[in-house]
Amino acid sequence: MTNWADRAAALTPETRLFIDGEFRPALDGATFDTIAPRDGSLIAAVSAGGTADVDLAVRAASRAFEAGIWSRADRRERARVMLRLSELMLEDLDELALLESLDSGHPIGDARRVDVPNAARTMRWYAEAIDKMYDEIAPAPQNALALVTREPLGVIGAVVPWNYPLIITAWKIAPALAAGNSVVLKPAELTSLSALRLAELAARAGLPAGVFNVVPGLGSVAGEALGRHPLVDKITFTGSPAVGRKFLSYAGESNGKQVALELGGKSPQVVLADVEDLAACASAVAWGIFYNAGQTCHGGSRLIVDERVHDELVSEVIAAGDSMVLGDPLDDATQIGSIASAIQLDRVLGYTAVARDEGISVHGGDRVRPEGLAEGFYVEPTVFTGVDNSGRIGQEEIFGPALAVSKVRGPADAVRVANDSAYGLAASVWTREVTTAHRVAQQLRAGTVWVNTYDVADVITPFGGFKSSGSGRDRSLHAFDSYTALKTTWINLGNSPLTND
Ligand code: NAD
């Protein structure tokens with residue numbers, strides 16, 4: 001068995017900005033500390049990109065785009081480089097997974113089994129799609145040819161959060177690069193290391209200089225500079241609603257760039273009285289919220305359960321949560337790792353206090369300290385029961401291992417409560433009746449609905465939200481819509497001018 005803590009201690013991660021094919025410090029030499037949430041220790045000081053660094057990166061991306069070294073490269077050449085990158089990511093599995101686990105607090109087992117393979121598969125999937133996308137010929141009059149072609153947008157600014165750094169990065173950069181764009185990536189300040197490693201691998205795979213740039217830095221500095229840069233054609237963002245809205249303002253106040261937002265959720269897991277297999281349901285409900293310590297945008301953070309199965313289900317969910325192994329992310333046996341930061345820990349614990357103040361019954365909800373890790377950021381699986389869906393615990397995204405349970409009676413009541421949310425990212429329904437399943441799935445306002453399961457996801461299907469959960473879609477061939485624009489070309493095939501008569 002690998003001793004991951006020893007391997008982590010021996011790591012010397014790349015910490016500099018990656019701009020125009022080279023690693024270099026920030027122009028003003030600024031850095032910020034990145035902390036290991038497993039024990040609160042310092043991992044490294046990472047270069048903090050400033051406005052001038054972002055400008056350099058965007059100009060490099062723009063030059064590369066205009067030069068056509070990637071944007072006009074043969075599609076098969078783009079595919080070859082991206083396939084090589086996907087292979088290199090898998091060859092680098094342990095190192096990438098270790099950086100991800102150390103920096104974010106994901107269990108190393110999940111990072112090796114899910115995060116890195118998922119990101120590599122995403123890269124491969126879009127590489128393989130490059131030469132399977134056909135353009136259109138419009139039904140123009142006989143004397144004309146009207147072509148409708150997809151063109152890359154130009155420079156894409158990708159701003160990503162800390163909860164799934166590699167996976168979310170891959171969802172954005174793989175279709176963007178496949179379509180021929182240049183990219184400037186701003187990772188979250190908590191988790192820059194896997195992105196910098198990815199830049200190293202991308203260069204090794206043969207991605208030309210300037211096509212992919214990584215500028216770690218503070219959101220309010222590097223993120224804002226990217227959002228306001230006049231040479232950025234599109235921002236693709238995942239993170240909090242407040243910051244997502246700032247990107248809309250930056251766009252409006254600069255060049256009117258496109259903005260796609262994925263802003264989290266308060267996703268309901270709806271369980272009706274005729275649920276077929278209560279034990280399977282309880283396990284899915286528990287994993288749906290406690291996986292990655294609840295720091296999942298589509299985490300099933302509300303359980304909306306029919307009163308006829310409420311007590312039995314809740315006790316099974318509590319038992320399932322309590323039986324999950326909470327501990328050091330660098331231990332292969334760990335199933336629930338740490339919360340990503342001290343700030344996020346306080347935020348999550350703050351909601352336990354809110355629930356207690358509001359008289360909600362709380363199971364778990366406190367900080368725990370796995371043996372030998374006194375300074376790490378860990379919270380027990382938490383189940384709030386008797387939640388009024390319209391209160392803070394029912395409405396606000398906690399982003400921790402916390403499940404809010406509300407009792408309902410019948411499908412119509414369940415749908416009403418489930419849809420009583422500003423968010424609309426994901427939802428599930430558990431029932432043995434196929435008609436009920438279809439009807440409820442149709443009525444739930446969410447970008448993804450699962451029936452008798454939770455959190456099944458793959459690059460083959462689109463992902464994104466309704467309402468305040470955002471706009472645009474990551475994943476699937478539809479993601480190309482986000483990173484391309486349609487161009488119309490009219491060609492006169494006759495000897496006289498074309499007219500609109
Ligand atoms: P955030 O929205 O502040 O950060 C996301 C990204 O935006 C990061 O790269 C950050 O550097 C950047 N950013 C922050 N402030 C910015 C600004 N003023 N201008 C431009 N860019 C900026 O998210 P967070 O602080 O990491 O987490 C706060 C809350 O957001 C969480 O508790 C959770 O509720 C939610 N969240 C949602 C998701 C999701 O997947 N939808 C992911 C992470 C966090």
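This is a predicted model: local features need pLDDT of at least 70, side-chain atom pairs count only at pLDDT 80 or more; totals for chains, interfaces and linings use all residues.
Residues are numbered from 1 along each chain as its sequence is written, and side-chain values use heavy atoms, with hydrogens and water left out.

Let me start with the domains. The domain assignment gives domain 1 as 17-263 + 469-487 and domain 2 as 268-451; such bounds come from an automatic or database domain assignment. Taken over C-alpha atoms, the centres of domain 1 and domain 2 are 31 Å apart. The contact between them takes 23 residues from domain 1 and 31 residues from domain 2, where contact means heavy atoms within 4.5 Å.

On area: the size of an interface is often given as the accessible area lost when the parts come together. Here domain 1 and domain 2 bury about 2,200 Å² between them, and 57% of it is on carbon and sulfur atoms. Buried area is the accessible area, with a 1.4 Å probe, that two parts lose on being put together, summed over both. On the domain 1 side, R38, W162 and S469 lose the most area to domain 2, together 27% of what that side buries.

Between domain 1 and domain 2 the count is 1 salt bridge, meaning a side-chain nitrogen of Lys or Arg within 4 Å of a carboxyl oxygen of Asp or Glu. The side chains of R38 and D328 meet in a salt bridge, at 2.8 Å from N to O. There are also 12 residue pairs in polar contact between domain 1 and domain 2, both residues at pLDDT 80 or more. A polar contact is a pair of N or O atoms within 3.5 Å; within protein, one must be able to donate a hydrogen and the other to accept it, and residues adjacent in sequence count only if both atoms are side-chain atoms.

Which elements give two or more residues to the side of domain 1 that touches domain 2? They are α4 (93-104) and α5 (108-129). Of that side, α4 gives the most, with 4 residues. For these labels, helices (H or I, at least four residues) and strands (E, at least two) are DSSP runs, numbered from the N terminus.

Now the salt bridges in general. A search of the whole structure finds 29 salt bridges. One of them joins the side chains of D94 and R7, at 3.6 Å from N to O. This pair links distant parts of the chain, with D94 in helix α4 and R7 in helix α1 (residues 4-9), 87 residues apart. D94 is partly exposed at 23% relative accessible area, and R7 is partly exposed at 33%. On that scale, buried means under 20% relative accessible area, exposed over 50%, and partly exposed in between (1.4 Å probe, protein chains only).

A second salt bridge joins R63 and D20, at 3.2 Å from N to O. R63 is in helix α2 (residues 51-67) and D20 is in the loop between β1 and β2, 43 residues apart. D20 has a positive phi of about 55° although it is not a glycine, and D20 is partly exposed at 32% relative accessible area.

N452 likewise has a positive phi of about 55° without being a glycine. N452 is found in the loop between β21 (448-451) and β22 (466-467), and at 37% relative accessibility it counts as partly exposed.

Last, the strands. Strand β18 (residues 402-408) is mostly covered, with 6 of its 7 residues buried. Strand β13 (residues 302-306) runs parallel to β18 and is joined to it by 5 bridges; two strands pair if DSSP finds at least two bridges between them. I304 stands opposite S406 in β18. Strand β17 (residues 382-385) also runs parallel to β18, with 3 bridges, and the bridge partner of F384 in β18 is A404.

Strand β11 (residues 258-262) is mostly covered too, with 4 of its 5 residues buried. It is joined by 5 bridges to strand β10 (residues 234-238), and the two run parallel. I235 has V259 in β11 as its bridge partner.
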